[in-house]
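Thanks for coming, everyone. Let me put the structure up, and then we'll walk through a few spots.

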Amino acid sequence: MTRTSFYSRAALTTALLCSLSVLTACSDPSANAGEGAAAGGMPPASVNVLTVQPQSVPLLIETPALLAGSREVEIRARVSGIVEKRNFNEGAKVEAEQSLFSLDAATFEATVNRNKAELAAAQARQTQAERTLKRLDKLRKDGAVSQQSLDDALSAVDVAKADVKTAEAILQQAQVQLNYTEVRSPISGVVSRELVSEGSLVSGPEVLLTYVTQLDPMYVRFSVAERDQLRLRAEAQSGKVDLPKQWQVKVLLANGDVYNQTGIVDFSDVRINTQTGTSEMKAEIANPDALLRPGQFVRIQLEGAVRHNAIVVPQKAVLDGGTGKFVYVLADGEHGGKVAMPAPVEVGEWVKLNGENGWVIKSGLKDGDVVIVEGMARIFFPGMPVQLAQEPATKG
């Protein structure tokens, strides 16, 4: 909306108010008593202003995000058996290779013992075959046995060695199965609640026992709309914006506090989600005190970009007129003095300068405009006379 249309609407509103005032004065005799005061006009409102100037400001992008553990592991048993014992406290920290569940191991121990015995028998047969080969080799040199007998002895030794290797492999497999009766955590982290209680039959990997989540570092997952990415690229190509090589991330907690660690964006998906029109991004952030938890919804700020030649006004100076946002600017009155006139504006992103929140004004203001930043509540209609409470400040 242009300033002219704003002024036209403001003038129409003022005319209606004046007409209503005249009608009220005619119907109420007491209104004549204040006619002299009204003739003097409403006293000017006291306001503070600033003169805007283009400047380079940090470009912040704020968006919702979801927190996730950097590693989230499902704990499952690799063998079937009865759960004999739970070896952790629910919600506690656990270390890598710590036993979480113990399954009934009696059957697996028996299998290991049997396979050990079979290995010992295979090794004994190999020893016997080697002794036979050694004896026949000596007899063959003396011509007491045939070459066929010696060859058979050589083959018997080879078969015995293969039987030993087979027995060793079977024993190793049985030992692995026995070790799997201790269900261990593959990572260090925080364990969830048990999903299977002691005494339950676990049929194998298809049964989920619990979860272990690594909380340090944490992953921050969020999405950026395709249109916003295209806009930033276009502004970067035109020189309006400098984009960073790597975005930094600040997390805003649910209570409004800013988390005391800064993350780094380390993943940006090249694909666009066909349903949402966004692409997924991920940042990694330290979480030494476990203040951040998986599943938390937070807001984040992406930092590192700079916008050039930006006009910024305090957020409190931007008002909403129902049809769009506007600010009051200082203008010359018809009979001298200063008046407040509305100027429609298009706002961009939020920025923080000198500890104060501000709006980037994309259109509606130009270099040198004097914007009213305090005292807007005392401006009752467009064109109302105002007076400066202090000398104009300069935003730059």
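Start at Arg-86, which lies over the face of Phe-88, 5.4 Å from the ring centre. "Over" here has a rule: NZ of Lys or CZ of Arg is within 6 Å of the ring centre and within 35 degrees of the ring normal. Lys-282 does it too, with its charged end over the ring of Tyr-219, 4.0 Å from the centre.

A word on the source. This is a predicted model, where local features need pLDDT of at least 70 and side-chain atom pairs count only at pLDDT 80 or more, while totals for chains, interfaces and linings use all residues. Residues are numbered from 1 along each chain as its sequence is written, and side-chain values use heavy atoms, with hydrogens and water left out.

Now the aromatic pairs. Rings of Phe, Tyr and Trp (its six-membered ring) pair if their centres lie within 6.5 Å; planes under 30 degrees apart are stacked, over 60 edge-to-face, the rest tilted. That rule gives 3 aromatic pairs. One of them joins Phe-88 and Phe-101, edge-to-face, at 5.3 Å centre to centre and 80 degrees between the planes. Phe-88 sits in the loop between strands S3 (81–86) and S4 (93–94), and Phe-101 in strand S5, 13 residues apart. Helices (H or I, at least four residues) and strands (E, at least two) are DSSP runs, numbered from the N terminus. Both Phe-88 and Phe-101 are buried. Buried means under 20% relative accessible area, exposed over 50%, partly exposed in between, with a 1.4 Å probe and protein chains only.

Next, Trp-350 and Trp-359. Their ring centres are 5.5 Å apart and their planes at 85 degrees, so this pair is edge-to-face. Trp-359 is buried, at 15%. Trp-350 counts as partly exposed, at 43%.

On to the core. Which residues touch the most other members of the largest nonpolar core? Ile-75, Leu-100, Phe-101, Val-183, Leu-209 and Val-212, out of 27 residues. Such a core is a set of buried Ala, Val, Leu, Ile, Met, Phe, Trp, Tyr and Cys residues joined through side-chain atoms within 4.5 Å. Helix H4 gives the most, with 5 residues.

Last, helix H5, residues 226–238. Gln-229, Leu-232 and Glu-235 are buried there. They cover an arc of only 130 degrees around the axis, which puts them on the same side of H5; the arc uses directions from the helix axis to the C-beta atoms. The face turned away from that buried side carries exposed Arg-227 and Gln-237. After H5 comes Gly-239, with a positive phi near 90 degrees.
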